Amino acid sequence: MKNLLSAADLTRDAAIEILDIAEEMAGVNHRDIKKLPTLRGKTVVNLFFEDSTRTRISFELAEKRLSADVINFTAKGSSVSKGESLKDTAQTLEAMGADAVVIRHSASGAAYKLAHSGWINGSIINAGDGTHEHPTQALLDAFTMRKRIHGDASVGKGLDGVKVAIVGDILHSRVARSNLILLNTLGAQVHFVAPPTLLPANPSRWNAKLHYSLDNAIDSEDLDVVMMLRIQTERMNASYFPSEREYSRIWGFNAQRLGRLKNSAIVMHPGPMNRGLEIDAISADSPQSTVLEQVTNGVSVRMAVLYALLSGERNTNAN
Amino acid sequence: MPTNFVLKNVQLADGSVQDIQVQDDKIVSVGSTLSADEVIDCSGLVALPGFVDLHTHLREPGFEQSETVLTGTQSAALGGFTAVHAMANTMPVADTAGVVEQVASLGKEAGYADVYPIGAVTVGLEGKQLAELGAMANSKAQVKVFSDDGKCVHDPVIMRRALEYVKAFDGVIAQHAQEPRLTEGAQMHEGAVSAELGLTGWPSVAEESIIARDVLLAEHVDSRIHICHLSTKGSVEIVRWAKARGIKVTAEVTPHHLLLTEELARSYDSVYKVNPPLRTAEDVAALREALIDGTIDIIATDHAPHPIEAKDCEWNAAAFGMLGLETAASIAQEVLIDSGKSGWNRFAQVLSQNPARIAGDSQQGQELVAGSFANIVLIDPKVKRKVVAESASKSVNSPYVGLELPGKVVHTIYRGYFTVRDSKLAKQGRS
């Protein structure tokens, strides 16, 4: 595998292999010297056309722990504005000899375009393209679920039969799209919960059960995982829902709803959270919340992806 | 230079095989065993009246890096067209007599086809104030068709006034039906594929609601209305209903909406980005049926050239539009002839006679009979050709490159002059 553009690039075996490598990487991250020489001499560029400090530093840490040479290239705007075009940026990075480009872009398909344009030969990793996909987020979410469910016995396992509700702005969420694909690949059952305005007009090809009511989903589905999505501020004034208060009442996660989940169920959020809007403080900080584990696991999973794409000889043993 | 030639053994739209004699710019005789100074063997070729495109973006003035009147009409000639209607979204916008006269005169100078400028409905295409429609109609360009194409005349009062006002000079409003609020930031057809790709959807209802409103407005003020680039099954149903009700509505479909679907967006290759967007296979089937049964009156290309950099980028940043002049006849052949569902008479109607009638081009779209202007296209329907990127257009944004399409334009005769002969473009236009 050369690129990671979509969660659909991963077969079940390939996905489990990456999650298993991430287990090894998690071991490295608990050592005193958190560093492997795997990518020594390789240049990885973090090409961010959109602000995302969290995702960038997660990748940066992963790259540094694998001893890659890391370049951060923050290019505000795109060819729409006066800025340099994606093509010129890509060709510049190619001329400098980048082995991999981690791209975050506001346009859906930007990573795909980069990988199929012929502008650049290095590996392309999609770190979020518009409202399309964010495959490393889906991998770290799957890793987190697997770890919570199977603990030390995670290696080699999928997520068969796990019931996952993803709640919030499905329409605009790249996290939801990548999770839908990967969770299906790993055998989980996906439930999307959202106001009708924040679901696609035609979700007919989505293998997910749709719910308008979070309460019904909680009470009827025996959920193992509830994943809350961030409500972007730009949705708030665009009539997707009447008010933040109403949204929070009907689709927000709170202590009362947490109390109705089974004890083993977990609450996830890709961050950053709007505390008090889509999630309240009690559930965000509860033992069932995995928000900080997701951040930690993000580094391990991204190390695993870089390893799988860039290390010359594929080898499931990270050591 | 006086001309006198005979096109020998052509197959006419009715299936009969005849000779056509051309003297200067007119057909002087149609019959058998005609002779002249020059006799051109046309055995196996179908002769049709020269095609008339009601929807062409020639880009001049203002966007000459994409296309000029000269290169656009050369491309038209290669596609079998002897007349094009140049859309108004130039820079400056064709919203005054001065600009439309300039475009018309560039067309005459080029000499590859009749160039009829379309006037803007509103000043600067902004939808706020009527442009000087009367001045454009009374100018040397004699504008009859008005359109804000690229933008919808969305204000219902402005639309009503425009529909009424052009009755004074038998004009017609060609509406780009797109409800602007429903299509803010829209990138592709809203449906199952846009949901997967995370591209902002352009819902069918944004087209259909405007068409529904406008046919009712046209009925209310008893005016003619023409609907540009119909793209959905629902739009077809509304137009069918309106025609049954006696409303004076005509409709066009583009070649690309007859052939291509939303699935192509999966490549994120913006050569497939067009407005209105490529729709579903079900829409394509409905459009084809409507073209055959007469609900849709014409094929118009919406030939929309863009420079390479406007397409060689991420989808969201790319311009809307695709080339169409040199491939339109092949797609018409696939839909009408090779499908076995229609015939050459309908082909001549949708690519020549009907657009000429809608636009009031009295010297175009004439039957191939003695006394008509010698605007003739000869097609070899048996050839299959693989579309290549090279064309007479200055731009290369053709979605058909690499596809095999049926039929080939062999000769295009524009007022008795071969603008295309043996599929080669004449070095000069008609003087």
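Let me begin with one pair of residues at the boundary of the two chains: B:Glu263 forms a salt bridge with A:Arg205, and their closest N and O atoms are 2.9 Å apart, where a salt bridge is a side-chain nitrogen of Lys or Arg within 4 Å of a carboxyl oxygen of Asp or Glu. Please keep in mind that this is a predicted model, in which local features need pLDDT of at least 70 and side-chain atom pairs count only at pLDDT 80 or more, while totals for chains, interfaces and linings use all residues. Residues are numbered from 1 along each chain as its sequence is written, chains are lettered from A and ligands numbered from 1 in the order in which they are written, and side-chain values use heavy atoms, with hydrogens and water left out.

Staying with the interface of chain A and chain B, the rule finds 3 salt bridges across it, and 7 residue pairs are in polar contact between these chains, both residues being at pLDDT 80 or more. A polar contact is a pair of N or O atoms within 3.5 Å; within protein, one must be able to donate a hydrogen and the other to accept it, and residues adjacent in sequence count only if both atoms are side-chain atoms. Contact in the wider sense (heavy atoms within 4.5 Å) involves 21 residues of chain A and 20 residues of chain B. The two chains bury about 1,700 Å² between them, with carbon and sulfur atoms giving 51% of that area; buried area is the accessible area (1.4 Å probe) that two parts lose on being put together, summed over both. On the chain A side, A:Ser108, A:Lys113 and A:Arg205 lose the most area to chain B, together 31% of what that side buries.

Let me now turn to chain B. Its domain assignment gives domain 1 as 4-46 + 372-424 and domain 2 as 50-359, the bounds coming from an automatic or database domain assignment. The C-alpha centres of these two domains of chain B lie 26 Å apart, and their contact takes 34 residues from domain 1 and 47 residues from domain 2. How much area do the two domains bury between them? The value is about 3,100 Å², 60% of it on carbon and sulfur atoms, and in domain 1 the residues that lose the most area to domain 2 are B:Lys394, B:Asn397 and B:Tyr400, together 22% of what that side buries. Between these domains the count is 1 salt bridge, alongside 20 residue pairs in polar contact, both at pLDDT 80 or more.

Finally, we come to the spaces. On a 1 Å grid over the protein atoms alone, a cavity is a set of points where a 1.4 Å probe fits but cannot get out, and a pocket is an open set with protein on both sides within 12 Å along at least five of seven lines; lining residues have an atom within 4 Å of a point. A search of the whole structure finds 3 cavities of 30 Å³ or more, and the largest cavity holds about 70 Å³ of space, a volume being the space filled by probe spheres set on the points, which are joined across faces, edges and corners. Among the residues lining the largest cavity are B:His189, B:Glu262 and B:Trp315. The second largest pocket holds about 790 Å³, and of its 32 lining residues B:Asn89, B:Gly150, B:Asn275, B:His306 and B:Phe320 lie nearest its centre.
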